[in-house]
Amino acid sequence: MSVIQSAQTGALQFLGSSTGLAGSATLSIAGNTGTVQLSFASSTKSSAIVASINQFTDSTGVQATLSTDSKSVVFNSTGYGASQFVSVSSNNTTALTTQNS
C-alpha cells in the first residue's frame with residue numbers, strides 16, 4: 001500500500017494582536033460533535049480564548065491552539081478526514097479576522 005496523501009484535520013485561524021480583542025465578541029464554534037457560543041470581553045488575550053474553547057473540545061470536536069507568535073488562535077478538528085470541519089463565526093468582525101490555514 002502506498003500513501004497518496006495523509007489525512008488532514010479541518011483548520012481555521014483567527015488573527016490576533018498583542019493587545020487582545022479589539023472589542024467584545026461572541027464566537028459560535030462548531031465542529032463534528034456540536035456547537036457552542038462563547039462571549040469574550042474587549043482586550044481578552046488569545047491565550048484566554050484558547051483556554052475557554054478547549055474546555056468544550058469534547059462537545060464540539062474543535063481544539064484551539066495558540067500560534068507561534070502567541071497572538072493568533074488556530075482551530076483544528078479533533079478528527080481526521082474529509083468529513084471533518086471547523087466553523088467559527090463572530091458577531092464582531094472587527095474584533096476578530098479569519099484566515100484559512
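Helices, of at least four residues, and strands, of at least two, are taken here as DSSP runs, numbered from the N terminus. In this predicted model, the chain has two helices and seven strands, and along the sequence these follow the pattern β-β-β-α-α-β-β-β-β. Of the 101 residues of the chain, 40% count as buried, and the accessible surface comes to about 5,700 Å², of which 48% belongs to carbon and sulfur atoms. Among contacts between residues at least 6 apart in sequence, 60% join residues at least 24 apart.

**A glycine in a loop**

Glycine 23 is found in the loop between strand E1 (residues 11–15) and strand E2. Is this glycine buried or exposed? Glycine 23 has a relative accessible area of 15%, and because buried means under 20%, glycine 23 counts as buried. Apart from neighbours within four places in sequence, the residues in contact with glycine 23 are Ala41, Ser42, Asn92 and Ala95. One of these, asparagine 92, lies 69 residues away along the chain, while its C-alpha atom is separated from that of glycine 23 by 7.6 Å.

**The open sheet**

Three strands form an open sheet in the order E3-E2-E6, with antiparallel pairing. Its edge strands are E3 and E6 (residues 87–90), each of which pairs on one side only, and neighbouring strands of the sheet are turned against each other by 15° on average, direction ignored. The pairing of E2 with E6 is antiparallel and runs over four bridges; within it, leucine 27 has serine 90 of E6 as its bridge partner.

**The hairpin of E4 and E5**

E4 and E5 run antiparallel and are joined by five bridges. The hairpin that they make has six residues between the strands, and serine 70 in this hairpin takes a positive phi near 60°. Four of the five residues of E5 are buried, so this strand is largely enclosed by the rest of the structure. The table lists bridge partners from the two sets of paired strands described above.

| Residue | Opposite residue | Strand of the opposite residue |
|---|---|---|
| Glutamine 63 | Asparagine 76 | E5 |

Helix H1, which spans residues 46–54, has Ser46, Ile49, Val50 and Ile53 as its buried residues. Why do these buried residues line one face of the helix? Seen down the axis of H1, they fall within an arc of 100°, so they line one face. In general, an α-helix has 3.6 residues a turn, so residues three or four places apart point the same way.

H1 lies across E2 and E3, running at about 145° to E3. The cover over the buried residues of H1 includes E2 (25–31), E3 (34–40), helix H2 (57–60), E4 (62–66) and E5 (73–77).

The largest nonpolar core has 17 residues, and those with the most contacts inside it are Ile29, Ile49, Ile53 and Phe75. To this core E2, E3, H1, E4 and E5 each supply at least two residues. Isoleucine 53, one of the buried residues of H1, is in contact with Ile29, Leu38, Ala64 and Phe75 when neighbours within four places in sequence are left aside.

How values were computed:
Residues are numbered from 1 along each chain as its sequence is written. This is a predicted model: local features need pLDDT of at least 70, side-chain atom pairs count only at pLDDT 80 or more; totals for chains, interfaces and linings use all residues. Side-chain values use heavy atoms; hydrogens and water are left out. Buried means under 20% relative accessible area, exposed over 50%, partly exposed in between (1.4 Å probe, protein chains only). The arc is that of the directions from the helix axis to the C-beta atoms. Contact means heavy atoms within 4.5 Å. A nonpolar core is a set of buried Ala, Val, Leu, Ile, Met, Phe, Trp, Tyr and Cys residues joined through side-chain atoms within 4.5 Å. Two strands pair if DSSP finds at least two bridges between them. Axes are lines fitted to C-alpha atoms, for helices over the stretch in contact, and angles run from 0 to 180 degrees between N-to-C directions. Accessible areas come from the Shrake-Rupley method with a 1.4 Å probe; for residues, only the protein chains shown count as cover.
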